[in-house]
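Biologist: I would like to learn how to read a structure like this one. Could we go through it together, feature by feature?

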Amino acid sequence: MRLDIISIFPEYFAPLDVSLIGKARERGTLDVRVHQLRDWTHDVHKTVDDTPYGGGPGMVMKPEVWGEAIDAVIGDGAPRLVVPTPSGRPFTQELAQELAGEPWLLFACGRYEGIDSRVMAEYGDRLRVDEVSIGDYVLAGGEVAVLVMVEAVGRLLPGVLGNAQSAVDDSFAPGSMRNLVEGPVYTKPPVWRGHEVPAVLLSGHHGKVARWRRDEALRRTVRNRPDLAAELDPETLDKHDRKL
Ligand SMILES: COC(=O)COc1cccc(COC(=O)c2cn[nH]c2)c1
C-alpha cells in the first residue's frame, strides 16, 4: 500500500518510523510519503490560510495551495482521499478494514477552521473522497487523527501484525466480534498479589475458554458500550444475558 500525507507539520509523522508501521515500511508492505504543504506556496511567508468568507473567527486553508499540492502528489493517479474532520463520518474498525484494502491512500491534514470546501469538491468527481471523524471532539489539526487511522489500517495489512489471528479477534472486528468489545486478558504468573487468573483459562478446555471469553466480552460490552449491546441480535444477548 502507498500512503501519502500532506501536512504543515510533517514532523508529526516521525512516529511512523517506529514499531509495526516502521517495520512494514522496511519490508515494503507500506510506502509512506509525507509532504510539507508549504512547499506549494509562492509567497515569502509561505501562506496557507486566509480569513473566512462570511466572517467569523479563525482562518481557512487556501484552496490554491491544496490544489497544487494534491495535483503534484497524485499526478494522473487516483488514490482514495481521506480528510480527518470533526464533521466526518465515524472512523470504525469496519472502515479501517475497508481502507486496508485500498492500494493507495492520500491523507489531507486540515488545520485552523478547516480546508476550503471547494478542494474536496474539486477532487470529488475524480477520487473517492472520505471526510472521516475519529471521535466527537475537536483537535488542533488532522495530523493526530491520521496517526490513529494509519495505525488502525496498517496493523490490518498482511504481514504487519506478528499473528494475523489477533486481528480477527479484535474488538469490533467483523464476524464473531461484531458489536462486541474484547474481554479481560491474563498472562503468567497464575497468582499476582493475591489475584488469581480465572481457573477456566488454566483448564486447557478450549471450548470452555472460548465460551468464557465470549461471555466476558458480552459482559464488558453491556457494561461499557450499551450502544453496541443494543445492536446485538437478541438471541446472542439473551443466551449470554442470563449469566450477566
Ligand atoms: C474538510 O475537512 C477539514 O476541513 C478538516 O479541517 C480540520 C480543522 C480542524 C481540525 C481538524 C482535525 O480533525 C479533528 O479535529 C477531528 C477528526 N476527528 N475528530 C476530530 C480538521
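Biologist: Let me start with the whole chain. Among contacts between residues at least 6 apart in sequence, what percentage join residues at least 24 apart?

Modeller: Before the answer, please keep in mind that this is a predicted model. For those contacts in the chain, the share is 73%.

Biologist: And which secondary structure elements does the chain have?

Modeller: The chain has nine helices and nine strands. Its C-alpha atoms fill a box of roughly 70 × 40 × 40 Å along the principal axes. The chain has 244 residues, and 42% of them count as buried.

Biologist: Let's pick a helix. How should I read one?

Modeller: Here is the general idea: an α-helix has 3.6 residues a turn, so residues three or four places apart point the same way. Now take H2, which covers residues 63-74. Helix H2 has 12 residues and spans 16 Å from its first C-alpha to its last, close to the 16 Å expected at 1.5 Å a residue.

Biologist: Which residues of H2 are buried?

Modeller: The buried ones are Val65, Trp66, Gly67, Ala69, Ile70, Val73 and Ile74.

Biologist: What do the buried residues of H2 pack against?

Modeller: Their partners are strands S1 (2-7), S2 (31-36), S4 (60-61) and S6 (104-108), together with helix H4 (118-124). Look also just after H2, where Gly75 takes a positive phi of about 55°.

Biologist: Next, aromatic rings. How do I describe two of them together?

Modeller: A pair of aromatic rings is described by the distance of the centres and the angle of the planes.

Biologist: How many aromatic pairs does a search of the whole structure find?

Modeller: That search finds two aromatic pairs. One of them joins Phe9 and Tyr12, which are tilted, with 6.2 Å centre to centre and 55° between the planes. The other pair, Tyr186 and Trp212, is also tilted, with 6.4 Å between centres and 50° between the planes. Tyr186 sits in the loop between helix H6 (164-168) and strand S8 (191-192), while Trp212 belongs to helix H7 (residues 206-224), so this pair ties together parts that are 26 residues apart in sequence.

Biologist: Are Tyr186 and Trp212 buried or exposed?

Modeller: Tyr186 is partly exposed because its relative accessible area is 43%, which lies between the 20% and 50% cut-offs. Trp212 is buried, at 17%, because buried means under 20%. In the other pair, Phe9 is partly exposed at 29%.

Biologist: Where is Tyr12, and what surface feature does Tyr12 belong to?

Modeller: Tyr12 lies in the loop between S1 and helix H1 (19-27), and it counts as partly exposed at 33% relative accessibility. With Tyr137, Leu139, Val144 and Val148, Tyr12 forms a nonpolar patch on the surface, and together these residues have about 400 Å² of accessible area.

Biologist: Now for charges. What is the idea behind a salt bridge?

Modeller: Side chains of opposite charge can pair when their charged atoms come close. A search of the whole structure finds 15 salt bridges. One of them joins the side chains of Asp31 and Arg33, at 2.7 Å from N to O. Asp31 is partly exposed at 29%, and Arg33 is partly exposed at 35%.

Biologist: Which side chain meets Arg80 in a salt bridge?

Modeller: That is Asp130, also at 2.7 Å from N to O. Arg80 lies in strand S5 (residues 80-90) and Asp130 in strand S7 (residues 129-133), so the pair ties together parts that are 50 residues apart in sequence. Both Arg80 and Asp130 are buried, with Asp130 at a relative accessible area of 4%.

Biologist: What else does Asp130 meet in a salt bridge?

Modeller: Asp130 also meets Arg128, at 3.7 Å from N to O. Arg128 is partly exposed, at 46% relative accessibility. A network of salt bridges links Arg80, Arg89, Glu98, Glu102, Arg128 and Asp130.

Definitions and conventions: Residues numbered from 1 in each chain as written. Predicted model: local features only at pLDDT ≥ 70, side-chain atom pairs only at ≥ 80, totals over all residues. Heavy atoms only, no water. Helix = DSSP H or I, 4+ residues; strand = E, 2+ residues; numbered from the N terminus. Expected span 1.5 Å × (residues − 1). Buried < 20%, exposed > 50% of the residue type's maximum accessible area, 1.4 Å probe, protein only. Contact = heavy atoms within 4.5 Å. Patch = residues over 30% accessible without salt bridge, like charges linked within 9 Å, V, L, I, M, F, W, Y side chains within 5 Å. Areas by Shrake-Rupley, 256 points an atom, 1.4 Å probe, with all protein chains shown as cover. Salt bridge = Lys/Arg side-chain N within 4 Å of Asp/Glu carboxyl O. Phe/Tyr/Trp six-rings, centres within 6.5 Å; stacked < 30°, edge-to-face > 60°.
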